[in-house]
Amino acid sequence: MDYPRPVQITTSGPDLAGEMAAALAAASIVFRDDKAYSAQLIKGAATVFAFARDSGRRSTYSRGNPYIDPYYNSTGYYDEYMWGGAWLYYATGNNSYISLATNPGLPQHSKAFYMIPDLSVLSWDNKLPAAMLLLTRLRIFLNPGYPYEEMLQSYQNVTGLTMCSYLKRFHVFNWTQGGLIELNHGKGQPLQYVANAAFLASLFVDYMNASDVPGFYCGPTFISLDELRRFATSQMDYILGANPMNMSYVVGYGNKYPKRVHHRGASTPNDKIKYSCTGGWKWRDTPNPNPNTINGAMVGGPDRFDRFRDVRNNYSYTEPTMAGNAGLVAALVSLTSSGGYGINKNAIFSAVPPLYPVSPPPPPPWKP
């Protein structure tokens, strides 16, 4: 392939910058053994988050952009403030970040507490369920108390309700006959949302297990952690082949998987010829299997009737995405039993200073 791939520069975009800050801050925790690199990541995270918080740059990155808006339109940025603030607090221990992440204005503007079903679905556009789960971790294991307790408790309550919404018995989302939850209402490319939900559910189970809590309540109904983990495993099993098509939706896994993946590198032959952008279309439109196997790529997935068409020019079925594969890998790592279940409760908080809860303000003077 040989054609220009232009890059745009934006002067606004708190959503984009907030997500970048979250990624860099999280990576700084992973690479703490390399102090210089970790510090570089933290510096980058703080820099782009300052850009995100600049009051003069607060319009979404996609607004009015004809190259982005029709495809990856952003609906807001307050979820990225919560998401980026939480990760930066864990990476730095700077209280200004947790103060922002627990600022009541963020859930108010993002409608985090409105219990809108779509907002319980983690996606590239909606970080709320992941951000609130991440902050629930802080409450469960460190319990910082005042002045954060009220918001953290609310985040944990909503996180529990999010988990309830994933269970079939509560009828929040439709399900296919074959057993796939329809988190995007039967539209194309459903698997990226399903993998994300499986990851969040598995992680919530790990948090509860690590704190010796056997389950949680959905209204008056007690839900065991085993039931929630079964949800997560059932969805990943569906993706890996336990579905009406007997098809693994991860390329290269199992005996039957998509062979006509909507991916330029996989569909263009390695024949030493450099093709232009439009020159590659003949490979896109051929009915032949891909000449290159893109092992590990999860495709978009089946329709709401559990049907799948292995055709390259229908991206709803056969396109892999980075957003989808991120959730796939996270869910598989979380659910694997080869290394034992569970999490390290403390490593993520190693930069957080000792927490001594501030005493709440005294009551006002008594007036007769």
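**View 1. Helix 8 is largely enclosed by the rest of the structure, since 17 of its 20 residues are buried.** Buried means under 20% relative accessible area, exposed over 50%, and partly exposed in between (1.4 Å probe, protein chains only). Helices (H or I, at least four residues) and strands (E, at least two) are DSSP runs, numbered from the N terminus. This is a predicted model, in which local features need pLDDT of at least 70 and side-chain atom pairs count only at pLDDT 80 or more, while totals for chains, interfaces and linings use all residues. Residues are numbered from 1 along each chain as its sequence is written, and side-chain values use heavy atoms, with hydrogens and water left out. The end C-alpha atoms of helix 8 are 29 Å apart, in agreement with the 28 Å that its 20 residues should span at 1.5 Å a residue. The expected span is 1.5 Å times one less than the number of residues. Asp212 follows helix 8 and has a positive phi, near 60°.

**View 2. Helix 7 covers residues 149–165.** Its 17 residues reach 24 Å from first C-alpha to last, close to the 24 Å expected. Which residues of helix 7 are buried? They are Met151, Leu152, Tyr155, Gln156, Val158, Thr159, Gly160, Thr162, Met163, Cys164 and Ser165.

**View 3. Helix 7 and helix 8 cross at roughly 125°.** Two packed helices are described by the angle between their axes and the distance between the axes. Here the axes come within 10 Å. That makes helix 7 oblique to helix 8. Axes are lines fitted to C-alpha atoms, for helices over the stretch in contact, and angles run from 0 to 180 degrees between N-to-C directions. Angles under 35 degrees count as roughly parallel, over 145 as roughly antiparallel, 65 to 115 as roughly perpendicular, and the rest as oblique. The crossing of helix 7 and helix 8 is left-handed. Left-handed means that the near helix is turned anticlockwise from the far one by less than a right angle; clockwise is right-handed. On helix 7, Gln156, Thr159, Gly160 and Met163 meet Leu200, Ala201, Phe204 and Met208 of helix 8. Contact means heavy atoms within 4.5 Å.

**View 4. Helix 6 (residues 128–141) packs on helix 7.** The angle is about 125° and the axes are 8 Å apart. The two helices are therefore oblique to each other. Their crossing is left-handed. Helix 6 contributes Pro129, Met132, Leu133, Leu135, Thr136, Leu138, Arg139 and Ile140. These meet Glu149, Leu152, Gln153, Tyr155, Gln156, Val158, Thr159 and Thr162 in helix 7. Pro147 sits in the loop between helix 6 and helix 7. The peptide bond from Tyr146 to Pro147 is cis, with omega near 5°.

**View 5. A disulfide joins Cys164 to Cys218.** The S to S distance is 1.9 Å. The pair links distant parts of the chain, 54 residues apart: Cys164 is in helix 7 and Cys218 in strand 1 (residues 215–218). A disulfide is a pair of cysteine sulfur atoms within 2.5 Å, and the count comes to 1. The link of Cys164 and Cys218 is left-handed, with -95° about the S-S bond. Both Cys164 and Cys218 are buried. Cys277 counts as partly exposed, at 32% relative accessibility.

**View 6. Glu182 lies in the loop between helix 7 and helix 8 (191–210).** At 11% relative accessibility, Glu182 counts as buried. Leaving aside neighbours within four places in sequence, Glu182 contacts Phe173, Asn174, Trp175, Thr176 and Arg304. Trp366 is 184 residues from Glu182 in sequence and 56 Å away in space, C-alpha to C-alpha.

**View 7. Lys272 and Asp306 have positive phi values.** Most residues other than glycine have a negative phi, and most peptide bonds are trans. For Lys272, phi is about 70°. Lys272 is in the loop between helix 10 (264–267) and helix 11 (281–284). Is Lys272 buried or exposed? Lys272 is exposed, with a relative accessible area of 77%. For Asp306, phi is near 65°. Asp306 is in the loop between helix 11 and helix 12 (315–318). Asp306 is buried, with a relative accessible area of 4%.

**View 8. Helix 1 (residues 14–30) and helix 3 (residues 78–92) pack at about 25°.** Their axes are 8 Å apart. That makes helix 1 roughly parallel to helix 3. Helix 1 passes helix 3 in a left-handed crossing. The residues in contact include Gly18, Ala22 and Ala25 of helix 1, and Tyr81, Gly84 and Leu88 of helix 3.
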